[in-house]
Amino acid sequence: MEKFELFENERATVYDSFVKNWIPNYNVFLNMIPHLFNDSTNDKLLAVGCGTGNEILVLKQNGYNGSIMGINPSPEMIAQATHKLKDYEDIVLKEVLVSQLTIDHQFNAATLILVLHFLKDDGRKLDLLRDISIRLEPKALLIMLDITGNDMEIRKNLEILEQLLPPDMDQNEIAKRLDRIYRELHHVSEQRIIELFTEAGFEEPTKFFQSTIYMGWMARKKN
């Protein structure tokens, strides 16, 4: 079973401002999602590691009429998502891991936003993608945003990311965060992302978005 990094206490309460500061064009990426899921067959969506519900909110604000299940192991993140999405229907939020969901409930669309880099590539990344795949119908679309790149690419893109951060951010915080991204998070190369997707039961993924170290991928489950 996969193990998620929990966002609790202050990490949970400042999550929304954190991602907007640290991911250039984060809102641009989010606003792409409704267009990518505009097919009427994508009406049962699973948001894995849904955090505070940002991708779910964007979908609903842009007229997504299907049902959405958002899952996250952090009770504080689920609480924030529940509050944020209280005005919308057809949303179920659960404090669970994807591996704990029954495989009898099949989805025809899914998102995996800023999750995979918390898992080591020792079988856990593959297990998570497989756990998602077996809960999807054939040809279901998965959209993922994650830190991607080999060692040199990550180093160079972190230098660019530092230049794009808000000017009023604390320099010590920046240095610590950049070091954590490089040394502690489990990013893999583009080629490894492709291998993981195909091994997990998806067609070869397409990269459709990049902003420094963050890349957006999309792939359909195989028949």
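How many cavities of 30 Å³ or more does the structure hold?

1. The structure holds one such cavity, a cavity being a set of points, on a 1 Å grid over the protein atoms alone, where a 1.4 Å probe fits but cannot get out. About 40 Å³ of space lies in the largest cavity, and the residues lining it, which have an atom within 4 Å of a point, include Tyr-15, Tyr-26, Cys-50, Glu-55 and Ile-113.

2. This is a predicted model, in which local features need pLDDT of at least 70 and side-chain atom pairs count only at pLDDT 80 or more, while totals for chains, interfaces and linings use all residues. Residues are numbered from 1 along each chain as its sequence is written, and side-chain values use heavy atoms, with hydrogens and water left out.

3. Asn-108 lies in strand 4 (residues 107–113), strands being DSSP runs of E of at least two residues, numbered from the N terminus. Asn-108 has a relative accessible area of 7% and is therefore buried, the term for values under 20% with a 1.4 Å probe and protein chains only.

4. The side chain of Asn-108 makes a polar contact of 2.7 Å with the side chain of Asp-43, that is, a pair of N or O atoms within 3.5 Å, of which one must be able to donate a hydrogen and the other to accept it. A polar atom of the Asn-108 side chain also lies 2.6 Å from the backbone oxygen of Thr-41.

5. In helix 8 (residues 171–184), the end C-alpha atoms are 19 Å apart, which agrees with the 20 Å that its 14 residues should span at 1.5 Å a residue; helices are DSSP runs of H or I of at least four residues, and the expected span is 1.5 Å times one less than the number of residues. Among the buried residues of helix 8 are Ile-174, Arg-177 and Tyr-182.

Key:
Buried means under 20% relative accessible area, exposed over 50%, partly exposed in between (1.4 Å probe, protein chains only). On a 1 Å grid over the protein atoms alone, a cavity is a set of points where a 1.4 Å probe fits but cannot get out, and a pocket is an open set with protein on both sides within 12 Å along at least five of seven lines; lining residues have an atom within 4 Å of a point. Grid points are joined across faces, edges and corners, and a volume is the space filled by probe spheres set on the points.
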